[in-house]
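Visitor: I would like to learn how to read a protein model. Please show it to me, and take the features one by one.

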Amino acid sequence: MGKLYGALLTLSVIWGASFLFIKILVADLGPWGVVFWRCLFGAITLLCVLAAKREAVAWKDLPFGMIVLVGFVNNVLPFGFIAIGETKVSSGMASIINAMTPISTVIVGYVCFKLHVRRAQWMGILLGFFGILLVMRFDVKQFVNGDMNGVLLVLLATLCYAVGTQLSKRFLQHLSVLVMSATTLLSACVISFFSMVLVSDEGFRMVSSSQTFVSLVGLGTFGSGFAYLLFYYMVKEGSAEFASFVTYIVPLSALLWGSLLLGEDITYHMLIGLTLIFGGIYLSTFQKKQSTTGKDYGYEQ
C-alpha cells in the first residue's frame, strides 16, 4: 500500500503542476503550440517505454481510425481548450473546473450512450454546477467577458475527456494500456502539428528559454507520459476507485503550485466551490462505481 499511496501522491503533484506548466508555456508557444509539444514529448516518452519493454505490437491490426478519433477527442481538443482557457483564468481555477470530469462523464454516458442515471447522480450533477457558479461568485455578467469564456472552455475540455473515455472503453479496450496511450498520443501529435501550423507559428519557439524547455519536459514527458503509467499502475495494483482519488487531490496541488510559483490568489469562493464539486463527484459516481468497479470513468489532465 505504501507504493500505491506514493504513486497517488506523485501523480497528484505531476498533474497539479501540469496546469502551472500550461500557464507558463501558453504565453510563448500559443495554445496549439502547447498541445503539439505536449503530445510530442508524451508520445516519445511512451514509445521509448514501449521499446524498452519490447512489447509486441500488431501494427497492421490496430484500429487506426478509432485511435485517431480518440487522440483527437481525448487529447487534442481538451488540451487545446484548457490551454486557451488558461489565457483567461488562473491555473488554479482551471484545475478546479477540470475536477468536473467525472460528472461530465456521467452526463455524456446518459446523453450519448444511454447509461442509466440515478436520482442521487442527478443531485450530484446539480451540486457540481452549483460549485462552479460559486467559484465564479454567481456573477452572471462574467458570461460575456473573458473569465467566463475561460471557464466554459475548460468545461468543454471535461466533456471531451468524457467522450474520449467512453470511446476508448468501447472500442480500444482490447489494446494494452501502453499501446493505447502511445498510439493515441502519437496521432494527437500529428493532428496538433497541423493545427499549430495553420493557426500560428508561435509553437515553433520551443526552446526560447530554459524555463520553456523545463516546462515542456514537465508537461509532456511527465504530465502526458509517465503520468499515464502511474495512473494505470494504480488501477492494476490497487483499483480503479483508488486511482480515481487523484481527481480529488489534483486541484489542491494545482492551487498550491499556482500560489507558490505564480502568485495566484486562493479565495474562499474557490475552496468552497471545490468542496461542492467534490460532493457532486461523490454523489454522481459512487453508486455507479459500486456496480462497475469504476471502469466507466476516466481521469486525465
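Guide: Read along the sequence, the pattern is α-α-α-α-α-α-α-α-α-α-α-α. The chain has 12 helices and 0 strands. Helices (H or I, at least four residues) and strands (E, at least two) are DSSP runs, numbered from the N terminus. The model is predicted, so local features need pLDDT of at least 70 and side-chain atom pairs count only at pLDDT 80 or more, while totals for chains, interfaces and linings use all residues. Residues are numbered from 1 along each chain as its sequence is written, and side-chain values use heavy atoms, with hydrogens and water left out.

Visitor: What percentage of the residues of the chain count as buried?

Guide: Buried means under 20% relative accessible area, exposed over 50%, and partly exposed in between (1.4 Å probe, protein chains only). Of the 301 residues of this chain, 55% count as buried.

Visitor: How many residues of helix 4 are buried?

Guide: In helix 4 (residues 91-98), 8 of the 8 residues are buried, so this helix is largely enclosed by the rest of the structure. Among them are Ser91, Met93, Ile96 and Asn98.

Visitor: Where does Gly42 lie, and is Gly42 buried or exposed?

Guide: Gly42 lies in helix 2 (residues 31-53). Its relative accessible area is 0%, so Gly42 is buried. Val179 lies in helix 8 and counts as buried because its relative accessibility is 6%.

Visitor: How is a pair of aromatic rings described?

Guide: Such a pair is described by the distance of the centres and the angle of the planes. Rings of Phe, Tyr and Trp (its six-membered ring) pair if their centres lie within 6.5 Å; planes under 30 degrees apart count as stacked, over 60 as edge-to-face and the rest as tilted. This structure holds 6 aromatic pairs. One of them joins Phe36 and Trp37, edge-to-face, at 4.8 Å centre to centre and 65 degrees between the planes. Phe36 and Trp37 are both buried. Ring pairs link Phe36, Trp37, Phe41, Phe193, Phe194 and Phe213 into a cluster.

Visitor: Which ring does Arg38 lie over?

Guide: A charge sits over a ring if NZ of Lys or CZ of Arg is within 6 Å of the ring centre and within 35 degrees of the ring normal. Here Arg38 lies over the face of Phe79, at 3.7 Å from the ring centre.

Visitor: Which residue does the side chain of Arg38 join in a polar contact?

Guide: A polar contact is a pair of N or O atoms within 3.5 Å; within protein, one must be able to donate a hydrogen and the other to accept it, and residues adjacent in sequence count only if both atoms are side-chain atoms. The side chains of Arg38 and Ser224 are joined by such a contact of 2.8 Å. Ser224 is in helix 9 and counts as buried because its relative accessibility is 1%.

Visitor: Which residue other than glycine has a positive phi?

Guide: Most residues other than glycine have a negative phi. Arg54 has a phi near 55 degrees, a positive value. Arg54 is in the loop between helix 2 and helix 3 (64-85), and with a relative accessible area of 76% it is exposed.

Visitor: Where is His116 placed?

Guide: His116 is in the loop between helix 5 (101-113) and helix 6 (119-135). With a relative accessible area of 57%, His116 is exposed. The C-alpha atoms of His116 and Val106, 10 residues apart along the chain, are separated by 9.1 Å.
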